[in-house]
Amino acid sequence: MIQHTAVALAELCGAVLEGDGSRLLVGPASLAEARPDQISFVRSARQAGELAKSSAGALVVPRELELPAGERALLRSADPSRAFSRVVAAFRPALPSPM
């Protein structure tokens, strides 16, 4: 199983980390389905209702979004869509080498 710390994912996608960088994450998930060991994505403040119900342990969020880290690690990015794409790619298994 592929695992990454929140700080490693922040470095990978060029985000600014707020919160516990040592939090171990096992993969990405939607806000509604994310567990405390998963990372999700918030596009805007309009998702506040979903966010309040989410158990995600880490979130990729826009830099300007006003949101306290609380128990979650926040990865603040100028381009959160692109940052989350990089996070998702980090959890894909490596392709086997062609023979």
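Are Phe 41 and Phe 84 buried or exposed? In this predicted model, Phe 41 is buried, and Phe 84 is buried as well.

## The aromatic pair

The count of aromatic pairs comes to one. The ring centres of Phe 41 and Phe 84 lie 5.4 Å apart with their planes at 25 degrees, and because planes under 30 degrees apart count as stacked, the pair is a stacked one. Since Phe 41 belongs to strand 5 and Phe 84 to helix 3 (residues 80-90), the pair ties together parts of the chain that are 43 residues apart in sequence.

## The sheet and its order

Five strands make up an open sheet of mixed pairing, in the order 2-7-6-5-4. The edges are taken by strand 2 (16-18) and strand 4, and because each has a single partner strand, one side of each is left without a neighbour in the sheet. Helix 1 packs on the sheet, where it touches strand 2, strand 5 and strand 7, and its direction makes about 5 degrees with that of strand 7.

Strand 6 and strand 7 are paired in the parallel sense over five bridges, with Val 60 standing opposite Leu 75 of strand 7.

With strand 4 (residues 27-28), strand 5 pairs in the parallel sense over two bridges, and Ile 39 is the bridge partner of Pro 28. With strand 6 (residues 58-62), strand 5 again pairs in the parallel sense, here over three bridges, and Phe 41 stands opposite Val 60. Between strand 5 and strand 6 the chain passes through helix 2 (residues 48-53), in a β-α-β crossover that is right-handed.

## Nonpolar cores

The largest nonpolar core holds 17 residues, of which Leu 9, Leu 25, Ile 39, Val 60, Leu 75 and Val 87 touch the most other members. Two or more residues are given to this core by each of helix 1 (6-13), strand 5, strand 6, strand 7 (73-77) and helix 3. Beyond its neighbours within four places in sequence, Leu 75 has contacts that include Leu 9, Cys 13, Val 16, Ile 39 and Val 60. Another core, of ten residues, lies apart from the largest one, and among its members are Leu 31, Leu 51, Ala 56 and Val 61.

Methods:
Residues are numbered from 1 along each chain as its sequence is written. This is a predicted model: local features need pLDDT of at least 70, side-chain atom pairs count only at pLDDT 80 or more; totals for chains, interfaces and linings use all residues. Side-chain values use heavy atoms; hydrogens and water are left out. Two strands pair if DSSP finds at least two bridges between them. Helices (H or I, at least four residues) and strands (E, at least two) are DSSP runs, numbered from the N terminus. A crossover is right-handed if, with the strands pointing away from the viewer, the path from the first strand over the helix to the second runs clockwise. Rings of Phe, Tyr and Trp (its six-membered ring) pair if their centres lie within 6.5 Å; planes under 30 degrees apart count as stacked, over 60 as edge-to-face and the rest as tilted. Buried means under 20% relative accessible area, exposed over 50%, partly exposed in between (1.4 Å probe, protein chains only). A nonpolar core is a set of buried Ala, Val, Leu, Ile, Met, Phe, Trp, Tyr and Cys residues joined through side-chain atoms within 4.5 Å. Contact means heavy atoms within 4.5 Å. Axes are lines fitted to C-alpha atoms, for helices over the stretch in contact, and angles run from 0 to 180 degrees between N-to-C directions.
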